[in-house]
Amino acid sequence: MASLSEKQDFKDASVIAESLKDEKFSNHSSDESSADFVDKKALERPEAVAIQVISTRDDPDLPVMTFRVLVLGVGLSAFSSVLGTIYTFKPQNASVSQLFCLIIAYVLGMGMAALPRHGLWRYLNPGPFNIKEHTVIVIMASTASSVATAMEIIAALDLFYDLRLNSAVAVFSIFSTQMLGYGLAGLLRTLLVYPTYAFYPAYISVVNLLQSLHFGGSLNVKRRKFFWIVFAAIFFWEWIPQYAFPLLTAISIVCLADNGRHDFVRNLFGAGSSNEGIGLFSFSTSWTLITQGTPLVWPLQTQINSFIGMGLGYLILTGGYYLNVFHGRDLAFMSTALFGTDGNSYNQSAVIGPDFKLDPDALGVVGLPRYTTTYALSQLFYNLSLGSAFTYIVIWHWPELKAAFGGMRFLKKGHADVDDPHYKEMQKYPEVPQWAYGLLFLVSLAVGIGCSYAGPHGTVLIPAWSIIFFTVLSCFIAVVLGFITATTGFSISVRYAIQIIAAFLHPGKPIPVMYANLFGNSTSFQTLYMLQDLKLGQYTKVPPRMTFAAQMAGSIIGSIFNFTMMKIIVNNNREVLKDPIGTRVWSGWIVQQYNSASVAMGALGKELFTIGKPAGYWIIPFAMFIGLFVPLPFWIIWKRSDPESRLAKAMKYINVPVITLYIGWLPYSVNGQWWSCLVIGVFSQWWLRTRRPRWFVKYNYLMSAALDGGSQVILFLLSFAVFGASGNSVAFPTWWGNPATLSVDRCKST
């Protein structure tokens, strides 16, 4: 992310926009000759792609709310929410891509547009399937597919505490926590939606595909052909590494040579199975995994900083484990579960009484739980990243914060004074008033409080004062996280920080600590989802009130189907989901994180995280405060250096929150893809962007969309056909590339 801390830097986005206001530039996406023009100097700025790649073209007469929008929006919302819930319980860190929803919506929308248009048929088919209808359907479906933190916590209560919420209470809990974030997002539009610098890199490929599919012109004919060729290629390829030849998901020469004989090799180089290793020099050919690093989309600076962080992570995580940091040398190398003094799974039911509070006497017998070293280090660096993010935003981005919040301008009615060509095109449409967002926020807060007092057997899940405290805290966090996501494309987890704060507010009470995530963590991330969809609506010129309605509808549908599908999966796979390792088909690693934190930080926060305790975990929460100071040396060197010197440019290039986050990024799930991400990311965002800028502008983001879409479609089919999402799994026959007694990369004995 290029920093905008100086006044001149702050104006650069406006300068780019001003230089491209001419019709032949701003609408280049729909015209062959103008598309050949690329401002190479402007393209050096990360946010310039929002103007060079995306057209500002708009037709205010296009119908938006049509019958097919209702039918496809509701249907795909239900479908994507079910699929998103299934992925939550998979060993891979997969999710339902917005591009997957986009492609399915396009195929079905074009099919409905082929219906007759005369007589009563005109109500079913008002005309060609247009970009605004398509966007509204995508927003509904992708909103529903974003699995709420509330659903994951409700699953953890069911699995580990045998607490089963009333269905209505569960659904309203999910919905209310989502709506809290939406209400907050509306108040942050001036800072995180309207300006050019808030360009949300991951959404460029989505908008680029939408415009290519719906805008005319010979260039877009070529783009559509290019898209479908790449889509088909990855569709027919992806089933091979995912099913028939899983070795291709993590190719490691070191592992092939070792063949599972040595634990050190497995820990450092292994990457093919869940919780196997951190994947040094492991390459993947599976785009389902590679796309997790978004190498074709993220700005080069963000990617370079993330790879610096991972490089340090290889040293710190491996060294920490073998040097017995946190006394975890006798535990598994990677796991998010809690372990007892004997190295087996921690018996939490023995120390948590029937009132869901800590039993001190039982604790004296069972002993304290332990983290794996890599999981403890990961939490430490996540907290370090969060602390550094607050300082980083203030010292490098004070002009933007002042412009958005100075004089409380963000609360004023009317359109903001923002010089962005996309936003200027939107000013013809009425906005959702600020009071509506404020009212939504307050009503959702009241519903969330009510649901927290409706636990099973009269259990108060979390008191009202705590909900209010964490909701206010999440408002401040959302500003920081939102700015980082809007300008770099990645998000920082605040889950550990929220749990630590909750542990001190609710000592000895694991369930309130778990529930604090709903209002301190979930609210801030739902804010990010809302902001991104608002930006998508701005890029495609969907009236803001229609975007708001689509998000509301998607959240309602998603809440219902998230909960329903979760209950089915949990009931059918209970023991597997509670197992610390899981299987290649199902894994509870995401839900286990909430449970581990609720016990370790909630019930045992004082015993584990105070200075002087044997495990040394006190440094994990303290890392948040250390992080506040980490960006300062780089900023001071930059201030004292010649702005044009290499040293000053290097200091400005370093993104401390990204680096520290990625030091702790690896000890989860599978890691076979990151070296492929490095190669592809440098090729795309450096070589293509600088050496082939015309091709980059025309096809780079479209290729990302095609690869994501094709791999998502085949993964969905495989999930139900052979991976057991339908209830029955079908294993591929065992052979050298799919071993029965070794992990898929042949680095671990099974």
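Is C101 buried or exposed? C101 is buried, since its relative accessible area is 3%; buried means under 20% relative accessible area, exposed over 50% and partly exposed in between, with a 1.4 Å probe and protein chains only. Before going on, note that this is a predicted model, in which local features need pLDDT of at least 70 and side-chain atom pairs count only at pLDDT 80 or more, while totals for chains, interfaces and linings use all residues. Residues are numbered from 1 along each chain as its sequence is written, and side-chain values use heavy atoms, leaving out hydrogens and water.

Searching the whole structure turns up one disulfide, a disulfide being a pair of cysteine sulfur atoms within 2.5 Å. The partners are C255 and C747, with sulfur atoms 2.1 Å apart. C255 sits in helix α14 (residues 253–258) and C747 in the segment after α35 (693–721), so the pair ties together parts that are 492 residues apart in sequence. Helices here are DSSP runs of H or I with at least four residues, numbered from the N terminus. The link of C255 and C747 is left-handed, with -65° about the S-S bond, and both C255 and C747 are buried.

Now look at Q551, in helix α26 (residues 544–572). Q551 is buried, with a relative accessible area of 1%. Leaving aside residues up to four places away in sequence, Q551 touches I139, T143, Y182, Y529, M530, D533 and L534, where contact means heavy atoms within 4.5 Å.

Key:
Helix = DSSP H or I, 4+ residues; strand = E, 2+ residues; numbered from the N terminus.
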